[in-house]
Amino acid sequence: MEEWLSCALLYHGIWYTREYVRKGLPASSGIENDLFRFLEEWFTPYPFLTVQTSGSTGMPKKLVIKKKQMMNSALNTCSFLHLQRGNRALLCMPLRYIAGKMVVVRALVCSMELLLSEPSGHPMASLQEGIDFAALVPLQVFNSLQNPQEKEELKHIKKLIIGGGAIDEEIENQLKSFPNPIYSSYGMTETLSHIALRPINGPSPSKSYIPFQNVTLSISDEQTLIIDAPDVCDERLHTNDVVQIHEDKTFTVIGRKDNIINTGGIKIQIESVESAIRPLVGEKFAITAIPDPKFGEKIVLLVEKREEEDTLGLKKKLEQVLPKYQLPKLIYPVSCIPMTGNGKICRPECRKLAESISKGNDANEN
């Protein structure tokens, strides 16, 4: 079956490019050129592609992956979501990352129409016809919810998956009333996009992810997730995600192991603190840490575009929702929060920024 599918896609490559890539949306030459470069590479006999990781938790790196496994991943998603021939799929993410590439591959294996929209924070702004399937990052969803017209277009997407970062609880609450299925995705470049989805709305919204078939999960001694997914990844994958696996084989993500701050001997999960204070902060922000001789690490809150004099009032608000050991010892206003190319908080750069500000303040005091 897989060999036949591979041959069929190679044979019909030029036909697909001509017949199924639609110009229904205003698309600049940028996304069109990127798409045709990808298709040109995809339809060569060479069985591998090179993709780049996002760099959200470290230096970006390049991975060589199998086209056959990309098709397996696409089939898993299409089967789970019941996508089919003739559905309209929206491509509005950069094709240099796996998320954008996999939208195209899903369109290929399911013979879906591919509608183009130049990657931006407002993918719904130029939408002119109905969409059966779309994959967005949380920032694109957030922006779309702020505009009534874009929100309405978002609401009409038949099946929507959101990936590439944590989804704000307030956003989830707004999406629960949407009429069509919406899912949060779990995965990474190494798993060729996602290996699990969790429903955000509908009759059974959940905080737990449902793994695809042929995906086996286990937990390491450090309570981090281990993934066995031979359809999409040759090797067992040890993640840095601290999780809880439930009896029904679903799992809940608590946070990342490398996002743990050890302050005064107490381990603090960054994501847990960010989730607790998100309703109070308003602006873009990030929790990070700097070295400290007394505590080992000192918790720091970086807040975008907040005046220096506002930080005292913000600290008093935080004291109402956080235990003392989780309170940021320092609040630094910054012009912008460091982000990766696909919209995730860049944790290493946040820490560097906090350390740089701290050193600058120390120099000024001396």
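1. A disulfide here is a pair of cysteine sulfur atoms within 2.5 Å. By this rule the count is 0 disulfides.

2. This is a predicted model, in which local features need pLDDT of at least 70 and side-chain atom pairs count only at pLDDT 80 or more, while totals for chains, interfaces and linings use all residues. Residues are numbered from 1 along each chain as its sequence is written, and side-chain values use heavy atoms, leaving out hydrogens and water.

3. Are Cys350 and Cys78 buried or exposed? Cys350 is buried, with a relative accessible area of 1%. Cys78 is buried as well, at 4% relative accessibility. Buried means under 20% relative accessible area, exposed over 50%, and partly exposed in between (1.4 Å probe, protein chains only).

4. Now the sheet. An open sheet of 3 strands runs in the order E17-E18-E19, with mixed pairing. Its edge strands are E17 (285-292) and E19 (330-334), and each pairs on one side only. Strands (E, at least two residues) and helices (H or I, at least four) are DSSP runs, numbered from the N terminus. Two strands pair if DSSP finds at least two bridges between them.

5. E17 and E18 (residues 296-304) pair in the antiparallel sense over 8 bridges. Ala286 stands opposite Leu302 in E18.

6. Two helices to check. Helix H9 (residues 270-281) lies across E17 and E18. Helix H10 (residues 311-319) lies across E18 and E19. Contact means heavy atoms within 4.5 Å.

Technical notes:
Axes are lines fitted to C-alpha atoms, for helices over the stretch in contact, and angles run from 0 to 180 degrees between N-to-C directions.
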